[in-house]
Amino acid sequence: MRQSQLFSKTERNAPKDEATINAQLLARAGFVSKLMAGAYSYLPLGLRVLNNIENIVREEMNAVGGQEILMPIIHPKSIWATTGGWDKIDVLFKIKSRTEKEYALGQSEEEVVTPLVMKYVNTYKDLPRAVYQINWKFRDELRSKSGLLRGVEFLMKDMYSFHETQADFERFYAEVKKAYFRVYERMGLVAKATEASGGAFTQKVSYEFMVLTDAGEDDILYCDVCDFCVNAEIAKEKEGGQCTRCGKGTLAKARASEVGNVFDLGQKFAKDFDVTYTDKEGKKQHPIMGCFGIGISRAMGVVVEKFHDEKGIIWPEAVAPFRVHLLALGGADGAHIYDSLQKAGVQVLYDDREMSAGEKFAEADLIGIPWRIVVSPKVGDGKVEVKRRTEKEPRIMDVKEALELIKK
Ligand code: ATP
Ligand code: MG
């Protein structure tokens, strides 16, 4: 894409009404624009990042057998009344139509997915099943002050699984846990899995996936030797105490952001909607369900919290909006390099605008694309300057050599 055509622009100063680094940098660099607290427009650069994260999640959920669907966001009151959520869930947005009919906006979609999937599950032979969607969720959050980390509207991957037995849920959970770690790793994040208590409905276990960051809103205790980790809010363990799992390590406390969550739903929703399948003995049974969430837009914010410096964002390659930022300086023409990169399937943002080198460099650092290539009369004919966002000094090389390096 030619930057001269990009409708969004960077801003020199951070918006005054944003307190967190992710919100400040994403707004300044032209990735998002705030409509109100907790609701952002995703601009061309921002949407590319969101789509990249979405695709990583999609690939890994498909790999564990998840089947992608898309469910409505607007729901009839009746399904939320059936589960008790209409009165009990404080973040549920409720809407009244002009004919006085009442609706809810999806904040999680067990109410839709349970009858939907069970419509097609007749016998034990139809189990297990896992379906997921990647869709916007709406929650009446009280404090939306952390940029993409806490939206009133946010993008979530929500997967729901259906099983004959608790053991089968546990088996699937173990598989999904590995897939979650792959998702976070591909995004450049290191996540820890905690064990915590259930949510509004269930006394059963939930597992949270946490990334250490001061911008997060959770406190965790984790072992410095094994992978034991708990949410500090509910834990009987104490900071500095001995690890209750391995007995060797010490528990450290850290601020973290929850980038994913798994709920063991038991038979709660299947019983509420009285949906059953026929087991091997011909008896009617309620399936056991699991709910597996990943905060996709929150993860984008967390990536920025983790990867930035005083100049701007430093995108990990897998989620970057473009792989290369090509800068033409001093009237030089980068069109041929732009074309060859594009032909090679490399995503390039081509800064073809007439601006000073200093301004272009500052913008490139702010936007944070992994590779920077500069063409200019100073570098010379047939040569370019190549620098990774993480490197201090550029290297001068032949165009051909640069193209080989980037394509690798
Ligand atoms: P939190 O404790 O942060 O409010 P939650 O337990 O309410 O999270 P879930 O209902 O499990 O979250 O939702 C699944 C995932 O969606 C979370 O792990 C998180 O990554 C993301 N998420 C939840 N609420 C928000 C929000 N308001 N804004 C952005 N992402 C969110
Ligand atoms: Mg919440």
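A search of the whole structure, a predicted model, finds 11 aromatic pairs. Rings of Phe, Tyr and Trp (for Trp, the six-membered ring) count as a pair if their centres lie within 6.5 Å, and the planes are classed as stacked under 30 degrees, edge-to-face over 60 and tilted for the rest. One of these pairs is formed by F31 and W315, which is tilted, with 5.3 Å centre to centre and 45° between the planes. F31 lies in the loop between α1 (21-28) and β1 (32-36) and W315 in the loop between β18 (312-313) and β19 (324-328), so the contact ties together parts that are 284 residues apart in sequence. Helices (H or I, at least four residues) and strands (E, at least two) are DSSP runs, numbered from the N terminus. F31 is buried, with a relative accessible area of 0%, and W315 also counts as buried, at 3%. Buried here means under 20% relative accessible area, exposed over 50% and partly exposed in between, with a 1.4 Å probe and protein chains only.

The rings of Y338 and Y350 have their centres 5.0 Å apart and their planes at 35°, so this pair is tilted. The pair links distant parts of the chain, with Y338 in helix α9 (residues 335-343) and Y350 in strand β20 (residues 348-351), 12 residues apart. Y338 is buried at a relative accessible area of 8%, and Y350 is buried at 3%. One aromatic cluster is formed by F169, F172, Y173, Y207 and F292.

Charged side chains also sit over aromatic rings, a term that requires NZ of Lys or CZ of Arg within 6 Å of the ring centre and within 35 degrees of the ring normal. R48 lies over the face of F322, at 3.9 Å from the ring centre. K268 lies over the face of F269, at 5.6 Å from the ring centre.

The surroundings of ligand 1 were examined next. A total of 14 residues surround ligand 1, and R139, E141, R150, G151 and E258 are the closest; a residue is included if one of its heavy atoms lies within 4 Å. By class, the shell divides into 5 nonpolar, 4 polar and 5 charged residues, where Ala, Val, Leu, Ile, Met, Phe, Trp, Tyr, Cys and Pro count as nonpolar, Asp, Glu, Lys and Arg as charged, and the others, Gly among them, as polar. A backbone N or O atom of G260 lies 3.4 Å from an oxygen atom of the ligand. The protein covers 84% of the 580 Å² of accessible area that ligand 1 has on its own, as computed by the Shrake-Rupley method with a 1.4 Å probe. The elements that give two or more residues to the shell are β8 (153-163) and β13 (251-266), and β13 gives the most, with 5 residues.

In the chain as a whole there are 11 helices and 23 strands, and buried residues make up 52% of the 408 residues. The C-alpha trace spans about 80 × 60 × 45 Å along its principal axes. In helix α5 (residues 110-118), 7 of the 9 residues are buried, so this helix is largely enclosed by the rest of the structure. The buried residues of α5 are E110, E111, V112, V113, T114, V117 and M118.

Residues are numbered from 1 along each chain as its sequence is written, chains are lettered from A and ligands numbered from 1 in the order in which they are written, and side-chain values use heavy atoms, with hydrogens and water left out. As the model is predicted, local features need pLDDT of at least 70 and side-chain atom pairs count only at pLDDT 80 or more, whereas totals for chains, interfaces and linings use all residues.

Note on methods
A polar contact is a pair of N or O atoms within 3.5 Å; within protein, one must be able to donate a hydrogen and the other to accept it, and residues adjacent in sequence count only if both atoms are side-chain atoms.
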